[in-house]
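Hi,

Have a look when you get a minute.

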Amino acid sequence: MVEVRLDKVWKRFGSNDVIKGIDLVIASGEFVVLVGPSGCGKSTLLNLIAGLETLSGGDIHIGAQRVNDVPPKDRDIAMVFQSYALYPTKTVHGNITFGMETRNIPRAEQARAVADVSQQLHIEGLLERKPGQLSGGQRQRVAMGRALVRDPDVFLFDEPLSNLDAKLRIEMRTEMKKLHQRLGKTTIYVTHDQVEAMTLASRIAVMDNGHIRQFGPPAEIYEDPMDLFVAGFMGSPSMNIVRGRIAGEGGARVEVADAEGSISFPLPAALAAKVADRPGEEVVLGLRPEIITHPGAHAPGASVFEFARSIDVVEPTGPDTLLVFTLGGSEAIGRVRPDEAVAAGRPYRFQVNMDKAKLFDPASGVRL
Amino acid sequence: MNGEGIVRRKGARQAVLRALLFTVLGLFCLVYLMPLVVMISTSLKSLAEIRTGSFIALPREVTFDAWAKAWNSACVGVRCNGLAPYMWNSVAMVVPAVVISTFLGAVNGYALTKWRFRGADTIFALMLFGAFIPFQVVLLPMARTLGYFGLAGSTYGLILVHTVYGLAFTTLFFRNFFVSVSDGIVQAAKIDGAGFFAIFFKLMLPMAVPTIVVTVIWQFTQIWNDFLFGIAFTVGDSNPATVALNNIVASSTGVKEYNVDMAAAIIAGLPTLLVYVLAGNYFVRGLAAGAVKG
Amino acid sequence: MPPPARAKSARTLGIDRFLERWLPQIVVSPLFAASLIFVYGFIVWTVYISFTRSGVLPSYNLAGLLQYERLWSTPRWYVALQNLFVFSGLFIAGCMAIGILLAILLDQRIRIEGVIRTIYLYPMALSFIVTGTAWKWILNPTLGIEKFVQELGFPGFSFDWLIDPHMAIYTVVIAGVWQSSGYVMALFLAGLRSVDDEIIRAAAIDGAGPVRTYATIILPIIRPVFLSSIIVLAHIAIKSYDLVVALTNGGPGYATDLPATFMYSFAFQRSELGVAAASAVMMLVTIMAIIVPYLYSELRGGRK
């Protein structure tokens with residue numbers, strides 16, 4: 001059980017800075033997910049931890065050992081790649097034992113490890129096949145087996161579920177979580193899928209352009225985003241971002257104006273206090289779709305506010321229905337129960353829980 | 001290795017291995033360059049220096065006499081006009097042969113892949129096989145045919161021969177390229193009303209420019225460097241440069257003028273060498289395509 | 001682009017449609033015919049001639065296996081075959097060994113890789129005549145390497161392979177490998193680079209050092225390149241004519257004769273068309289035995 005520590009880690013490719021001075025401490029036994037849009041550097045960061053890329057600056061510690069110059073094989077890690085990276089000319093058995101062979105582990109022990117792991121992952125019948133003869137899901141499990149058999153200090157996953165179909169992805173996601181609960185090893189997991197991040201992580205690191213924007217437990221990332229980027233990235237459909245103006249005594253309201261008319265969203269006392277000193281100024285209001293819903297849905301005692309808008313598009317998803325309307329000149333989404341929905345073109349009376357509204361500074365994107 | 005940035009253990013062992021790597025690579029560079037250097041340096045020496053010095057030493061006194069002689073007055077058989085006239089023979093042979101075989105190969109490749117007709121694949125396979133035959137097996141009948149048509153011993157005969165036997169490769173190159181062009185483009189053009197040749201000239205050829213370059217370079221190299229057809233089907237005045245070179249070097253009368261031999265060899269080899277240096281990438285692509293299956 | 005409005009008569013419509021239907025075949029047919037005649041037709045002629053009494057001039061009277069019997073009772077033919085065997089074996093082995101070695105070395109992230117690759121590959125751009133001429137001079141018994149080493153302080157050194165009937169064929173091997181090994185290097189380098197990067201990284205994590213990674217993972221993945229290289233090299237070896245002519249002209253005597261030079265000599269110098277045809281047919285059969293199975297498996301197994 002080891003902690004992984006990154007101190008001021010930099011990575012430069014040519015003249016391009018891809019990782020810009022990242023500090024990160026991953027506690028022993030944690031399941032940390034690195035999430036972010038394409039090109040944010042999450043895979044690069046994982047490769048740096050694995051030793052598959054050389055550091056341009058800073059330090060990486062795995063456990064007590066400073067691993068900057070330590071080759072991957074000596075870092076006591078195991079990795080599962082997005083495309084699984086199975087050795088195509090070896091059998092499944094050979095793929096799993098390859099790492100043990102290079103470490104001169106006795107045959108008997110190798111056999112035991114293979115039997116153990118193949119039973120866990122239900123791949124006993126596939127041992128003599130070659131990767132080319134396996135389905136995507138089977139290949140993924142073999143890749144997992146190869147990593148498990150290593151019994152490393154740290155597990156590294158680079159988008160291991162991206163190449164699976166949706167149903168399989170959800171199944172394997174649960175398997176991963178069970179595995180982590182059972183083994184309790186420090187795990188670092190890269191994905192672009194924020195649902196995976198939310199369900200698997202003990203802590204999420206939201207990355208953007210070589211920086212970590214926010215690092216915290218899923219609930220905190222979701223409910224307490226530090227800025228517009230994190231707020232907009234997590235959540236599906238994403239948070240509604242509305243531009244408005246502070247109005248009223250002590251910042252009591254946010255006025256949002258558009259073609260359909262003006263709506264004054266009242267701010268609960270805690271939020272109002274944050275903008276009391278900015279009368280008349282522009283502000284960004286963030287409302288997650290699930291807090292804009294049909295009347296009567298919110299718990300009693302919540303600061304609800306009702307407003308009406310005409311619906312542009314109706315999108316039934318099964319468990320709920322999304323109603324798309326216009327707010328403040330841009331598209332907004334509300335979430336209602338399917339039987340409460342109306343047809344497109346009709347007006348609808350939404351009820352929004354303003355306790356869960358968020359305010360952001362329009363210039364910097366920082367949460368107020 | 002591909003794993004570009006993988007962390008490797010630093011230290012003396014790595015440094016030694018790296019030094020060893022460069023040593024071996026450097027040695028092979030010397031081995032590959034040595035003949036070229038020797039050729040050039042020998043061609044710049046006087047005969048006296050050649051006889052007394054070692055073959056690897058650089059010329060003490062640089063003289064271009066051998067070059068002048070190789071170009072103007074070396075004896076090819078009984079004619080002593082140097083290599084020059086034969087170089088022009090080669091040019092006259094190569095240019096039409098390359099142009100025609102490349103063009104026909106392009107049309108062929110296009111027709112075989114973009115206009116499905118029954119037997120297209122068989123035809124292609126049969127043509128492809130033609131690229132692999134040892135030419136010894138067609139030498140005799142070809143000699144008789146050329147004689148029959150009055151083309152024996154002429155450059156025109158060589159042009160015909162090289163065009164015909166170059167078709168297999170040029171068709172292969174273009175077919176492999178056109179196979180990778182989506183059929184959708186041709187369908188759309190057909191719907192727009194374009195015909196066979198319109199599509200070819202306006203759509204396909206412009207897209208195929210890199211393949212055209214690779215094919216031209218490949219054909220140029222193959223045809224310029226050919227010797228077998230040259231010696232079998234031409235006589236005397238119509239010899240291409242490779243045959244003339246061999247005659248100069250193999251002449252057993254009189255004193256062996258090694259410097260002239262070397263100068264002549266360089267002159268004869270210069271065109272293809274220059275093409276390679278200037279367009280090496282395309283050359284390599286041709287090599288790879290030529291080795292790969294159909 | 002609106003289709004042109006034309007008033008068509010029924011006849012032009014017919015011709016149009018006929019052309020459209022058959023144009024591809026029409027376009028390809030002259031070339032196909034050329035192929036048929038100049039390749040297959042000629043092969044048939046040569047094969048036919050090999051079964052006749054042809055001497056100075058072709059005769060069309062069948063004579064059974066006469067020419068083949070004559071061929072196989074000519075000592076020179078056996079020399080040629082033995083030379084082919086020795087030459088091909090060493091040529092292929094040498095080119096493969098050096099080519100693969102250089103490819104692996106060049107795969108090690110070197111900044112001046114482009115320059116080095118150009119140097120290793122330029123011999124392929126040269127005619128075999130030029131190569132033969134150069135090596136003929138380098139291996140010159142009195143003025144080439146022999147003299148050079150002697151002057152270095154080894155007066156007893158002799159290197160007269162070029163004129164030694166037993167060793168001359170090895171000079172052809174040397175020149176041939178020098179010329180063609182760069183080709184194998186280029187093919188293998190491309191192959192090595194085509195291996196998925198992630199696999200190499202997985203091997204690094206699994207603890208495989210460079211030697212093990214190349215030997216057990218990378219090279220097995222590019223097995224097809226081995227095969228196609230060997231096939232192409234074999235093809236070059238069997239067709240070898242220019243190199244021998246320039247280097248030794250089949251000599252000394254006919255000690256470095258190969259089937260190609262044998263055939264030429266009997267066809268154009270000794271005017272024995274029948275025997276020449278027979279030897280050409282033997283060459284064809286040999287190449288077919290190698291190429292046909294290979295092409296067949298490639299055209300079937302691979303995509304179109």
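**Interfaces**

Between them, chain B and chain A bury about 650 Å², with 53% of it on carbon and sulfur atoms; buried area here is the accessible area (1.4 Å probe) that two parts lose on being put together, summed over both. On the chain B side, Gly5(B), Val7(B) and Arg9(B) lose the most area to chain A, together 72% of what that side buries.

Before going further, the ground rules. This is a predicted model, in which local features need pLDDT of at least 70 and side-chain atom pairs count only at pLDDT 80 or more, while totals for chains, interfaces and linings use all residues. Residues are numbered from 1 along each chain as its sequence is written, chains are lettered from A and ligands numbered from 1 in the order in which they are written, and side-chain values use heavy atoms, with hydrogens and water left out.

Back to chains B and A: six residues from chain B and twelve residues from chain A make the contact (heavy atoms within 4.5 Å). Two residue pairs are in polar contact there, both at pLDDT 80 or more. A polar contact is a pair of N or O atoms within 3.5 Å; within protein, one must be able to donate a hydrogen and the other to accept it, and residues adjacent in sequence count only if both atoms are side-chain atoms.

On the chain C side, the touching residues divide into 73 nonpolar, 14 polar and 14 charged. For those classes, Ala, Val, Leu, Ile, Met, Phe, Trp, Tyr, Cys and Pro count as nonpolar, Asp, Glu, Lys and Arg as charged, and the others, Gly among them, as polar. In contact are 101 residues of chain C and 94 residues of chain B. The count of salt bridges between these two chains is zero, and there are 22 residue pairs in polar contact (both at pLDDT 80 or more).

The largest pocket has a volume of about 1300 Å³. Of its 42 lining residues, the closest to the centre are Arg8(B), Gln14(B), Leu17(B), Gln108(C) and Pro210(C). On a 1 Å grid over the protein atoms alone, a pocket is an open set of points with protein on both sides within 12 Å along at least five of seven lines, a cavity is a set where a 1.4 Å probe fits but cannot get out, and lining residues have an atom within 4 Å of a point. Grid points are joined across faces, edges and corners, and a volume is the space filled by probe spheres set on the points. By class, the pocket lining has 24 nonpolar, nine polar and nine charged residues.

The structure also holds seven cavities of 30 Å³ or more. The largest cavity has a volume of about 970 Å³, and of the 36 residues that line it, Phe135(B), Trp218(B), Gln222(B), Phe128(C) and Lys239(C) are the closest to its centre. Its lining divides into 20 nonpolar, 13 polar and three charged residues.

**Backbone**

A cis peptide bond joins Ser236(A) and Pro237(A), with omega about 0°.

Methods: A salt bridge is a side-chain nitrogen of Lys or Arg within 4 Å of a carboxyl oxygen of Asp or Glu.
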